[in-house]
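Please find below my notes on the model under review. They are set out as numbered points for checking against the coordinates.

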Amino acid sequence: MASSDVYADHLAWCGLIALHMARKSGTVNSPAQENLFLCRWLATAEKKRLFRRELAGDIRWLLKEGREKGLRADLPGKLEYLWRASSGELLEQNDLFRLQHVMHAITLTGINYGVLNETEWEGRHAVKLSPTVPGLFIRKSDLDTGFGEDGRQVKTLAVRITADISAVDALLTRAGWQRESDATVPLLHQLRAC
């Protein structure tokens, strides 16, 4: 684990513990109050420089998300993802759990995520994807047949990606997945568990 992951782990853990304590004391009782509490907590952390300099960008990004998107920012979910991804606990889970987790993380970053059935995937009624709208779309039949009873991957998953590839790769790598481009079809990629 890289040292920056250790720092991100610490930031996320502190935020989650602070939120848990606020819930337990009764000062936070709703999702709106959670968002407000975490925005104030992050603002204080930024102002007082409570965390290492390497985390300043993460703190600013989380704070901006919370202020601009409100409840849709899902700050507790972002902190939970950050903690799981950087603590190593995520990599101990089965392939299907890690894929579900990374898809949740993808939506938290503002990238659209969808599951397309065969009609939507190919043919004359296929969904037309715009390269200017960031998204990641998985073929439903691959999800249905791509995992065994134990949640381990048994075949590669076809995906179409219109989002920034480096951002998607970073999220996939943290969750123990890798992407390979399919040179024969634009926007088509294959996902494999590492």
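The points below treat the basis of the model, then its strands, helices and loops.

1. Basis. The model is predicted; local features need pLDDT of at least 70, side-chain atom pairs count only at pLDDT 80 or more, and totals for chains, interfaces and linings use all residues. Residues are numbered from 1 along each chain as its sequence is written, and side-chain values use heavy atoms, with hydrogens and water left out.

2. Strand β3. Helices (H or I, at least four residues) and strands (E, at least two) are DSSP runs, numbered from the N terminus. In a regular strand the side chains alternate between the two faces of the sheet. L157, V159 and I161 point one way from β3, whereas A158 and R160 point the other way.

3. Neighbours of β3. Strands pair if DSSP finds at least two bridges between them. Strand β2 (residues 135-139) runs antiparallel to β3 and is joined to it by 3 bridges; F137 stands opposite R160 in β3. Strands β3 and β5 also run antiparallel, with 4 bridges joining them, and A158 stands opposite Q190 in β5.

4. Helix α8. Which residues of α8 (residues 165-174) are buried? They are V168, L171 and L172. Seen down the axis of α8, the buried residues fall within an arc of 100 degrees (taken from the directions from the helix axis to the C-beta atoms), so they line one face of the helix. Just after α8, G176 takes a positive phi of about 80 degrees.

5. Helix α1. A8 lies in helix α1 and is buried, with a relative accessible area of 4%. The C-alpha atoms of A8 and L82 are separated by 6.8 Å, although the two residues are 74 apart along the chain. M21, in α1 (residues 3-25), is by contrast exposed at 54% relative accessibility.

6. Positive phi in the loops. R49, in the loop between α2 (31-47) and α3 (56-69), has a positive phi of about 50 degrees and is exposed at 73% relative accessibility. L187, in the loop between β4 (177-181) and β5 (188-193), has a phi near 70 degrees and is partly exposed, with a relative accessible area of 29%.

Note on methods:
Buried means under 20% relative accessible area, exposed over 50%, partly exposed in between (1.4 Å probe, protein chains only).
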